[in-house]
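Subject: Structure for your review

Dear colleague,

Please find below the structure that I am handing over to you. I would be grateful if you would read the notes that come after it.

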Amino acid sequence: MPTKQTLVLKLTTRPLPRNFTVRELDALMGKCNCEKYQGGRGSGIGYRHVPTGRAIQFDAPHPGKELYLYQVKAVIAFLTEIGEI
């Protein structure tokens with residue numbers, strides 16, 4: 001299992017990664033004190049930062065498992081906001 005530092009490094013490399021998977025996101029968010037929940041519609045996923053109660057939510061990528069670039073940017077902004085990166 002990759003460390004938090006390894007996952008953050010992969011997420012924030014330039015140019016932004018096009019191969020950051022939902023599985024890697026789940027692992028990173030777990031290491032950042034976030035809980036996963038099913039959001040809104042059927043394919044929605046969300047993460048709630050337990051200490052602050054802040055949340056991020058978006059549709060799961062499909063048919064593939066790699067996050068779209070707008071999702072990568074949103075995750076970076078969210079983790080920066082809550083002080084995890």
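The notes below set out what was found.

This is a predicted model, in which local features need pLDDT of at least 70 and side-chain atom pairs count only at pLDDT 80 or more, while totals for chains, interfaces and linings use all residues. Residues are numbered from 1 along each chain as its sequence is written, and side-chain values use heavy atoms, with hydrogens and water left out.

Cysteines. With a disulfide taken as a pair of cysteine sulfur atoms within 2.5 Å, the count is zero. The sulfur of Cys32 has its closest cysteine sulfur in Cys34, 6.0 Å away, which is too far for a bond. Cys32 is buried at 0% relative accessibility, and Cys34 is buried at 9% (buried means under 20% relative accessible area, exposed over 50%, partly exposed in between; 1.4 Å probe, protein chains only).

Aromatic rings. There is one aromatic pair. Tyr68 and Tyr70 are stacked, at 6.1 Å centre to centre and 10 degrees between the planes (rings of Phe, Tyr and Trp, the last by its six-membered ring, pair if their centres lie within 6.5 Å; planes under 30 degrees apart count as stacked, over 60 as edge-to-face and the rest as tilted). Tyr68 is partly exposed at 39%, whereas Tyr70 is exposed at 52%.

Strands. Strand 2 (residues 44-49) and strand 3 run antiparallel and are joined by five bridges (strands are DSSP runs of E, at least two residues, numbered from the N terminus; two strands pair if DSSP finds at least two bridges between them). Gly46 has Gln57 of strand 3 as its bridge partner.

Key. Helices (H or I, at least four residues) and strands (E, at least two) are DSSP runs, numbered from the N terminus.
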